[in-house]
Structure formats: C-alpha cells, structure tokens
Amino acid sequence: MALHLGMGVCQDYAHILLSILRLLNVPARYVSGHLIGEGAPHAWVDAFIEREGGAVEVVGLDPTHSRRTRLDYLTVAVGRDFADVSPTSGTYSGPAQGRLAATKHAEIIALDSGTGAAVA
C-alpha cells in the first residue's frame, strides 16, 4: 500500500527496502529501535555486504531519512520483518478496563573507547 499510495511510515519503508535487497540477493534484517531525541519508535534495515576476502560488513540503512544509521540509532530488536520484533503481542477478549501506555528515555552516556560504539 505504501508504494501504491506513495506514502507510508518507517515500517513500510523498511519493508520495501528489505524486499529490494532480498531480490538482489543481499542478506538483510529488519531493525526496530529508537532515534535518540525522537519520541516514536523507529525502524530501519541492516544489510550484510560481502567485501573482498569474504569479510562481511553490516551496513545500517534508514530509508525514511535516506541515510546510513549513526550513533543516535538505538537498536531494540532485529528480525526477518516486523512480525519477528513486534513490541507487543497476544490477544485480549472482554470489556476494556484500562489503557496501554509506554514511555521511554534514551541517551548516549558514553562511547566505548575501543570500538567507538554508543553505550546507552
């Protein structure tokens, strides 16, 4: 529907990119997480790019913002697609007696001096 309508959300764009990469035989996974400083959860793709000598580089790609991922991308879960990393699952039957709510706070508190990776 995102392609048909010409609009969507980060999950839609990530799924479209996953489909394209897989059609090109590039292994890839769906990533669910957060962009530090933004309120909503976010989704992007990790592509596994084979380099000379057989080494594999994981390249984070954010189709929503048309860029590679950076230190402000906080990974929560990875999977084949959204169904593998859904933040909530299950069923409920009966009268509604409440409201589901969630909050988050994430910030970089340090950088690993050996790898330069963010520690949140």
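# Reading the labels on a predicted chain

Author: Of the 120 residues in the chain, 22% are buried, where buried means under 20% relative accessible area, exposed over 50%, and partly exposed in between (1.4 Å probe, protein chains only). This is a predicted model, in which local features need pLDDT of at least 70 and side-chain atom pairs count only at pLDDT 80 or more, while totals for chains, interfaces and linings use all residues. Residues are numbered from 1 along each chain as its sequence is written, and side-chain values use heavy atoms, with hydrogens and water left out.

Reader: Which elements does the chain have, and in what order do they run?

Author: The chain has 3 helices and 7 strands, running α-α-β-β-β-β-β-α-β-β from the N terminus. Helices (H or I, at least four residues) and strands (E, at least two) are DSSP runs, numbered from the N terminus.

Reader: What makes the sheet an open one, and what is its strand order?

Author: Its 5 strands are ordered β4-β3-β2-β1-β5, with antiparallel pairing. β4 (67-68) and β5 sit at the edges with a single partner strand each, so one side of each has no neighbour in the sheet.

Reader: How do you know that β3 and β4 pair?

Author: Two strands pair if DSSP finds at least two bridges between them. Strand β3 (residues 56-62) and β4 have 2 bridges, in the antiparallel sense, so they meet that cut-off. Leucine 61 has arginine 68 in β4 as its bridge partner.

Reader: And how many bridges hold β1 to β2 and to β5?

Author: 7 bridges join β1 to β2, running antiparallel, and 6 join β1 to β5, also antiparallel. On the β2 side, glycine 33 is opposite histidine 42; on the β5 side, leucine 35 is opposite tyrosine 73. In the hairpin of β1 and β2, with 5 residues between the strands, glycine 37 takes a positive phi near 100 degrees. As for cover, 7 of the 8 residues of β1 are buried.

Reader: Why is the pair of tyrosine 30 and phenylalanine 82 called edge-to-face?

Author: The structure holds 2 aromatic pairs, and in this one the centres are 6.3 Å apart with 80 degrees between the planes. Rings of Phe, Tyr and Trp (its six-membered ring) pair if their centres lie within 6.5 Å; planes under 30 degrees apart count as stacked, over 60 as edge-to-face and the rest as tilted. The distance passes and the angle is over 60, so the label is edge-to-face.

Reader: What does that pair tie together?

Author: Tyrosine 30 is in strand β1 (residues 28-35) and phenylalanine 82 in helix α3 (residues 82-85), so the pair ties together parts 52 residues apart in sequence. Tyrosine 30 counts as buried at 1% relative accessibility, whereas phenylalanine 82 counts as partly exposed at 28%.

Reader: What makes tryptophan 44 and tyrosine 73 an edge-to-face pair?

Author: Their ring centres are 5.0 Å apart and their planes stand at 85 degrees, so this pair is edge-to-face. Tryptophan 44 belongs to strand β2 (residues 41-50) and tyrosine 73 to strand β5 (residues 73-79), so the pair ties together parts 29 residues apart in sequence. Both tryptophan 44 and tyrosine 73 are buried.

Reader: How do you know that glutamate 57 and arginine 68 form a salt bridge?

Author: A salt bridge is a side-chain nitrogen of Lys or Arg within 4 Å of a carboxyl oxygen of Asp or Glu. This pair comes in at 3.4 Å, N to O, so it qualifies. The pair links distant parts of the chain, from glutamate 57 in strand β3 to arginine 68 in strand β4, 11 residues apart. Arginine 51 also bridges to glutamate 57, with the closest N and O atoms 2.7 Å apart, and Arg51, Glu57 and Arg68 are linked in a network.

Reader: Is aspartate 72 buried or exposed?

Author: Aspartate 72 is buried, at a relative accessible area of 19%. Its salt bridge is with arginine 70, where the closest N and O atoms are 2.6 Å apart; arginine 70 is partly exposed at 44%.

Reader: What makes methionine 7 exposed?

Author: Its relative accessible area is 54%, and the cut-off for exposed is over 50%, so the label follows. Methionine 7 lies in the loop between α1 (2-5) and α2 (10-23).
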